[in-house]
Amino acid sequence: MSRVDGMTDGPATQERDRTDVAPATAGDRAELLLAERDSLHRFVRDLAGHDPHHAEDVVQETLLRAWQLADRLDWQDRPIRMWLFRVARNLVIDGWRKDRAVPVGVFAADFPDDMVAPDQTSRVVDHCVLVDALRALGPAHLEAIVHVHLLGTAGSDVARRLGVPRGTVKSRTHHALRILRERLEPSEAAA
């Protein structure tokens with residue numbers, strides 16, 4: 001028989017074909033794997049629904065597994081192509097199973113329908129108005145109001161930190177609050 005139709009002439013030719021196909025070095029194995037890449041890609045693309053990205057992922061994973069298991073694979077007696085196709089098919093099936101699995105966790109139906117997130121826009125507007133009002137204060141008044149009302153520091157500690165009498169801190173805080181009220185009251189009336 002001729003080699004054209006895939007048949008061999010005899011046992012001697014079969015032995016020669018096995019040694020030709022069986023790669024001896026890592027470079028030979030890599031060449032053989034890369035030679036199978038296109039046919040493997042077509043097989044996976046047809047099997048996986050013509051998604052090119054998914055098909056490429058499966059092909060790469062298949063070739064990676066072949067490369068990692070190269071020392072344990074039988075390159076002599078078994079064609080590597082069939083092994084690659086079987087691994088690729090199993091990877092595609094595993095992907096189908098994973099996509100079909102029911103996720104465990106919280107579902108939208110578990111939450112009440114009347115659950116509404118608070119509107120943050122009014123909070124942002126209030127923040128902008130307050131920052132604008134604080135900018136209208138002088139440095140001494142701003143420092144006193146920040147320490148006492150925003151940071152929650154006691155008046156005596158603020159006085160000691162700033163090096164001024166406690167009464168001065170009270171006075172600055174009082175005047176700062178008055179200025180802030182004047183600046184903020186028209187905004188509240190307009191809203």
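Which residues does Val44 touch, not counting residues up to four places away in sequence? In this predicted model, Val44 touches Ala55, Val58, Val59, Ala88 and Val92, where contact means heavy atoms within 4.5 Å. Residues are numbered from 1 along each chain as its sequence is written, and side-chain values use heavy atoms, with hydrogens and water left out. Local features need pLDDT of at least 70 and side-chain atom pairs count only at pLDDT 80 or more, whereas totals for chains, interfaces and linings use all residues.

Confidence is given as pLDDT, the predictor's confidence in each residue, from 0 to 100. The protein has a mean pLDDT of 77, with 76% of its residues at 70 or more. Helices are DSSP runs (H or I, at least four residues), numbered from the N terminus. Mean confidence is highest in α3, at 87, and lowest in helix α1 (residues 11–21), at 44. Over residues 1–21 pLDDT stays under 50, and the model has 14 contacts beyond four places in sequence for this stretch. Where pLDDT is low, the predicted coordinates should not be read in detail.

Helix α2 (residues 26–47) and helix α4 (residues 80–100) have axes that come within 10 Å and cross at roughly 35 degrees; axes are lines fitted to C-alpha atoms, for helices over the stretch in contact, and angles run from 0 to 180 degrees between N-to-C directions. Residues making the contact include Leu40, Phe43 and Val44 of α2 and Leu84, Ala88 and Val92 of α4. The residues of this contact divide into twelve nonpolar, one polar and three charged. Ala, Val, Leu, Ile, Met, Phe, Trp, Tyr, Cys and Pro count as nonpolar, Asp, Glu, Lys and Arg as charged, and the others, Gly among them, as polar.

A nonpolar core is a set of buried Ala, Val, Leu, Ile, Met, Phe, Trp, Tyr and Cys residues joined through side-chain atoms within 4.5 Å, and buried means under 20% relative accessible area (1.4 Å probe, protein chains only). The largest such core has 17 residues, of which Leu33, Leu40, Val44, Val58, Leu63 and Leu84 touch the most other members. At least two residues of this core come from each of α2, α3 (52–68) and α4, and α4 gives the most, with seven. Apart from it lies another core, of six residues, including Leu134 and Ile145.

In α6, Ala144, Ile145 and His147 are buried. Thr153, in the loop between α6 (139–150) and α7 (155–162), is also buried, with a relative accessible area of 17%.

Notes. Buried means under 20% relative accessible area, exposed over 50%, partly exposed in between (1.4 Å probe, protein chains only).
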